[in-house]
Amino acid sequence: ENGNPIILSDQDSYCAYNDSNNTVTILNIQIDQTGYAYGVKFAQNLLFFKYSIINKGSEDYNDLYFSLYTDMDLGNISGGAPEYENDKIGFIKEKNFVYFYDNGLSSEWPGGKVGRIGVVFLKTPNVNGTELGITDMHYNLYNDDRDEDSVQYGIMSSSPTLFNSSLGPKYFHLGSNPNIHYDDPSTIPESGIDLLANLSSGPYTLNSGDTLVFITAIVAGEDQA
């Protein structure tokens with residue numbers, strides 16, 4: 001009604017989801033997710049995603065984290081030879097950017113070569129005038145996933161309790177990094193492993209009726225450049 005376009009890219013996608021089927025406690029939080037894809041050459045290898053986290057309930061929430069569970073299997077083709085056991089990640093903290101790569105070879109891809117896939121946080125909410133970006137980054141083996149809220153929240157918030165527990169070594173790989181919030185990618189074996197990464201931003205306060213907006217992108221490249 002204000003003349004502003006609703007469709008922004010060459011191919012928009014949209015979905016909304018909430019916790020109305022939660023069997024423990026319904027928080028009345030909804031996420032509106034919008035995707036944007038462009039055919040123009042300079043943006044043809046980018047997919048943008050906007051997440052609006054809305055508190056539709058009457059309660060205020062503190063210590064909320066936004067986290068992306070990212071499992072990029074480089075070179076994998078459905079029904080083809082397994083290509084997920086030699087993956088590695090790199091992390092560029094100042095760019096809020098994590099990328100996945102392997103040995104770069106696969107008989108099932110054109111030219112026998114595999115590219116790289118990155119995930120970047122482009123915009124996060126301000127806290128005291130500063131965008132938080134990626135505040136926590138941890139990887140783990142795919143087979144070590146646990147569908148337990150306390151474990152998942154512990155990963156995304158870098159909980160000292162989880163770190164000091166018997167499960168700590170599965171989700172924290174600090175290496176020479178003294179900061180509990182970020183894993184050191186150099187701790188990944190040179191041959192790679194079947195891994196995934198959790199990229200988080202927080203903590204935030206989400207008051208009743210408020211919305212937090214996060215903008216991310218998936219980046220595809222033939223090589224590091």
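In this predicted model, the side chain of Asn 140 makes a polar contact with the side chain of Asp 145, at 3.2 Å. Asn 140 sits in strand 10. Its relative accessibility is 2%, and because buried means under 20%, Asn 140 counts as buried. Once neighbours within four places in sequence are set aside, the residues in contact with Asn 140 are Asp 145, Lys 170, Tyr 171, His 173, Asp 194, Leu 195, Leu 196 and Asn 198.

Next comes the nonpolar interior. In soluble globular proteins, nonpolar side chains tend to be buried together. Here the largest nonpolar core has 30 residues, and those with the most contacts inside it are Ile 89, Val 98, Phe 100, Ile 134, Met 137 and Leu 199. At least two residues of this core come from each of strands 3, 4, 5, 6, 7, 10, 11 and 12. Strand 11 gives the largest share, five residues.

Side chains of opposite charge can pair when their charged atoms come close. The model has four salt bridges. In one of them, the side chains of Glu 190 and Lys 88 meet with N and O 3.5 Å apart. Glu 190 belongs to the loop between helix 3 and strand 11 while Lys 88 belongs to strand 5, so this pair ties together parts 102 residues apart in sequence. With a relative accessibility of 68%, Glu 190 counts as exposed, whereas Lys 88, at 11%, is buried.

Lys 170, one of the contacts of Asn 140, forms a salt bridge with Asp 144, again 3.5 Å from N to O. This pair also links distant parts of the chain, with Lys 170 in helix 3 and Asp 144 in the loop between strand 10 and helix 1, 26 residues apart. Lys 170 is partly exposed at 31%, and Asp 144 counts as buried at 18%. A further salt bridge joins Glu 131 to Lys 123, whose closest N and O atoms are 3.8 Å apart. Glu 131 is partly exposed at 38% relative accessibility, and Lys 123 is partly exposed at 39%.

Definitions and conventions: Residues numbered from 1 in each chain as written. Predicted model: local features only at pLDDT ≥ 70, side-chain atom pairs only at ≥ 80, totals over all residues. Heavy atoms only, no water. Core = buried A, V, L, I, M, F, W, Y, C linked by side-chain atoms within 4.5 Å. Buried < 20%, exposed > 50% of the residue type's maximum accessible area, 1.4 Å probe, protein only. Helix = DSSP H or I, 4+ residues; strand = E, 2+ residues; numbered from the N terminus. Contact = heavy atoms within 4.5 Å. Polar contact = N/O pair within 3.5 Å; in protein donor to acceptor, adjacent residues only side chain to side chain.
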